[in-house]
Amino acid sequence: MNQDIKINDLVIRFANVNGTGSASANNMFAKAVYRMGIPVTPKNIFPSNIQGLPTWYEVRVSEKGYLGRREGIDLLVAVNAQSMKGDVASVQSGGYLVYDSTKTLSDEFIREDLHYIGIPMMQLCMEHFNDPRQHLLMKNVVYVGALAALLNMEVEVFETLIREQFAKKEKLIPGNLQALHMGIDYARKHFNCPLPVRMERRDLNGNKIMTDGNNACGLGAVYAGATVGSWYPITPSTSVMNAFEKWCHKLRVDKETGKRNYAIVQAEDELAAMGMVLGACWNGARAFTATSGPGVSLMSEFLGLSYFAEIPAVLIDVQRTGPSTGMPTRTQQSDILSAAYASHGDTKHILLIPSTPTECFEMTALSFDLAERYQTAVIILIDLDLGMNDHLCDPFQWDHSKRYDRGKVMSAEELEAGKVFGRYLDVDGDGIPYRTIPGTHPTKGSFFTRGSSRDEYARYTEDGDVYARNMNRLLKKWETAATEMPEPEIVHNDPRNKFAVIYFGTSSYSAQEALDLLTEDDLNLNALRLVSFPFHAKVKEFIDQHEHVYIVEQNRDAQMRALLMQELGIEGSKLKSVLQFNGMPITAAYIHRCIVSDKSFIPQYEEVSLAKMA
Amino acid sequence: MTYARPSFRHPQIARNDIGFSKKDYEGALSTLCAGCGHDSISAAIVQACFEMSIQPHRLAKLSGIGCSSKTPTYFLGNSHGFNSVHGRMPSVATGAILANKDLIYLGVSGDGDTASIGMGQFVHAIRRNLNMVYIVMNNGCYGLTKGQDSATADEGSVNKSGAENPFQGIDLCGLGIELGAQFVARSFSGDKTQLIPLIKAALKHPGFALIDVISPCVTFNNNAGSTKSYDYTREHMEATAAVDLVPMKSEITIDQAGGTVELIKLHDESHIALNKLHRDWDPMDKISALRNLHEARLRDEILTGLIYLDPNSRDLHAILNTSDRPLNQMAENDLCPGTEALEKINQSYR
């Protein structure tokens, strides 16, 4: 067995039963790694269930700062009898299995190539605590303590975390500290601590923060001045509106009167949630909703109205595994086409695609400006992985001099001064008309909003030429938007490289790591990260300069590739796909494997390999 | 037939308290069939708003899809309007109301738009007690798709093709009361003396006000055997009371207050005067209202007028405790917590 010392490069997986309080202990573990200055990325792999089913929490510790999911588990905390068999099998050879030795481990769970570390978690808890509920909860803290000793983590960091976590329930602090130390003491007494796989303090996290994308979106909406939030509960987007409500409650309630500068309505379904957004935006407020794939299907009707009647709207789509109900608690990037072209007829919607919570915050704030500037729906596409898992990211920033861009809204003064108002009149030649907010002027500027065709003055018409003129103006508006979209991130662009990779959203973490793996093989690829749709001109430029481009996506049908082909007129033969769609976050090893095994790549690969051998 | 509406108005034309003539409340010329009940309802809306001296731009009109939902084009041309998607007007209205609590909201829908495709949203609009008037132009059929039975068509009613409707009709007033609507009325497009005061009272009501208006479809559902034809409705109408809205500033004369007239005080000190025609009907008692509805139905009669009223309404804004200032009038300094707060938030994630 491999006993080489490995520092700050490991994957720890916790196999728990959901509903047993393991989440907070596991979070504390990940936070402790962060506090020790080492980059860390935790992932919750949970069932669509409230209590009793297997749930996993996976923590990757990476000195190199790789934050994507990694294959191969170094240490597994196995405290769920239901999933024990699979859990034992999931550990990589030479790895460690920490289990509750209160009961003897059955022979069927013994593998010759693993190290077994038995901690009598339940027994220790029964000896020290009286309440059965406490036995269950403290067991989690005991294994965290044992890990602290085994993995060379700083005890004070855990102690501080416990004190912070229970600052408002001080009574709970002594018990938790005691459980922590029970684990530490037992591990130190019975095992050689630390293990060869271990951690050491570093200072690699700077001023970074750790939070999840849904929270960042909710906070971004508060900063952007959203006042109306309507939603229908659906995993994995529910915590977006929860976060919005939490922050509004803290930051938007008048201290004297207790009145709220916001309104949140839990709608009867996603149709209504989107209808409320349109009603509020039409009436001059900033409004948004959050949903996942099934909700996007229902909201499509209103998204079409938003496009055609030119009403601002913001939708945060936290993608999950489709189609239909799919796997509600697993991740995927599979709503790209249904979001981009949501609704019947010729429609297109602006997409923003953040990769980090920091970008979730910024792009949510930006989305309200774009929605009002272009008077259309803006969809923020994130996924379960980004939305619900903590990510190490740059702190949120806000420019205090920033003013909201409310777009072209004609005021009572302008109307009074006799400025010509035609709701769908392209006055400025950019395809963006002026709108008025209901209640502006007693006799001027009112108009009738409708989803049926109309002329420049919002009068109903069935004249085909007038209809086509309007559709063309909408296209012109779309083209204007394309010039003002956030630019893609050109991560790497060496003119000598014939091949490139394009990725977006949460695939970015693993794609960047894969590029390093490829470089280790002397395979250099250029890279671009997409952040918005309509595609910025730089996207086509970048693709044009390469022979082949790999598009990394977490869906089956290569939806982003299809969108690039459709919108930029790129030949399909040029765009190759790296696809993973099993619901787990994509890994660098997988991307690396796909690219090096791609036939079109072999000539160059062999050339390089031969050169290496020579 | 000409589609030009004469623009000439007599200089001595009547103006209301705020200087507007009735013309200022009119809309584009209707394109509905000649004799359509909906046009009479549009006229009643114009009259009610004119008489109440509503600032046209302080009212927003919303609708779904169908013949009924076309009508907002034909009234209140100086008001913003929103002809949304089929059955979804309530959610659009909800958002609009949340954005600006200070406007008056008038929703117009049909029986298909409300009782079929929009039933879910209708139900929840009532549940949330949106401060709006919700008029259903109810003709028991889908006019715009040529006369199919709708969900409010009575069982046994015969449609134009001679087929008898085998399904039970949905009674929107009964449903509304059941769901907690606090102002529920039914009227007939052909009875403006009843309809206009009902619309006025509904506009005054500070919560969800439902008026189900039987509005015959002259083209597809005005035949013998239809229970939503002009003739049938006229013959079977039975009113709960004669209704009048007494504005806040008016003195209530002895004439009005005397006899069988009952006064219901509204939130702004105006009154609804009811000249009750049904002795055992109490408009503020839900059970009495429901019983009267059911009994009328058993007699094959259509109960019209005010059916139920709870003047102590708590609308959605009160429930949500939103600020007195409309949300759509807030700017950065009201809404953005600023950089200092953000730094504190960052610190909590370290």
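Predicted model: local features only at pLDDT ≥ 70, side-chain atom pairs only at ≥ 80, totals over all residues.
Next, zoom in on S12(A), residues 287-291, and its link to strand S13 (residues 313-319) of chain A: the two run parallel and are joined by four bridges.

**A stop at S10(A)**

Move along to S10(A) and show its side chains. Which way do Val228(A), Gly229(A), Ser230(A) and Trp231(A) point? Val228(A) and Ser230(A) point one way from the strand, Gly229(A) and Trp231(A) point the other way, and all are buried. In a regular strand the side chains alternate between the two faces of the sheet.

S10(A) has pairing to explore with two strands. With S12(A) the pairing is parallel, over two bridges; select Gly229(A) and look for Phe288(A), its bridge partner in S12(A). With S11(A) the pairing is also in the parallel sense, over four bridges, and here Ser230(A) has Val265(A) as its bridge partner.

**Stepping back to the domains of chain A**

Zoom out and colour chain A by domain. The domain assignment gives domain 1 (6-198), domain 2 (211-393), domain 3 (412-484) and domain 4 (489-613). Show domains 1 and 2 of chain A together: their C-alpha centres lie 35 Å apart.

How many residues of domain 1 of chain A are in contact with domain 2 of chain A? Twelve residues of domain 1 are in contact with nine residues of domain 2. On the domain 1 side, the elements that give two or more residues are helix H1 (22-35) and strand S3 (40-45) of chain A. S3(A) provides the largest share, five residues. By class, that side divides into eight nonpolar, three polar and one charged residue.

**Across to chain B**

Now display both chains and select the contact between them, which takes 57 residues from chain A and 49 residues from chain B. On the side of chain A, at least two residues each come from strand S9 (209-212), helix H7 (213-223), strand S10 (228-231), strand S11 (263-266), helix H9 (270-282), helix H10 (293-309) and strand S17 (448-450). The helix where this tour began, H9(A), supplies the largest share of that side, nine residues. Colour the side of chain A by class and you will see 31 nonpolar, 18 polar and eight charged residues.

For a closer look at where the chains meet, pick S17(A). Three bridges join S17(A) to strand S2 (residues 80-83) of chain B, and the two strands run parallel. Arg450(A) has Asn83(B) as its bridge partner in S2(B).

**A last stop in chain B**

Finish with the open sheet of three strands in chain B, ordered S10-S12-S11 with antiparallel pairing. Its edge strands are S10 and strand S11 (261-265) of chain B, each pairing on one side only. Neighbouring strands of this sheet are turned by 20 degrees against each other on average, direction ignored.

S10(B) pairs with strand S12 (residues 271-276) of chain B over six bridges, and Val243(B) has Leu274(B) as its bridge partner in S12(B). Helix H7 (residues 192-204) of chain B packs on this sheet, touching S10 and S12 of chain B, and its direction makes about 50 degrees with that of S10(B).

Now centre on Ala241(B), found in S10(B). Is Ala241(B) buried or exposed? Ala241(B) is buried, because 22 other C-beta atoms lie within 10 Å, where 20 or more count as buried. Beyond its neighbours within four places in sequence, Ala241(B) is in contact with residues including Leu274(B), Lys276(B) and Leu306(B). Finally, draw a distance from Ala241(B) to Ile307(B): they are 66 residues apart in sequence and 8.9 Å apart in space, C-alpha to C-alpha.

Notes
Residues numbered from 1 in each chain as written. Chains lettered and ligands numbered in written order. Contact = placed C-beta atoms within 7 Å. Nonpolar A, V, L, I, M, F, W, Y, C, P; charged D, E, K, R; others polar. Pairing = 2+ DSSP bridges. Buried ≥ 20, exposed ≤ 12 C-beta atoms within 10 Å, placed from the backbone. Axes fitted to C-alpha atoms, helices over the stretch in contact; angles between N-to-C directions. Domains from an automatic or database assignment.
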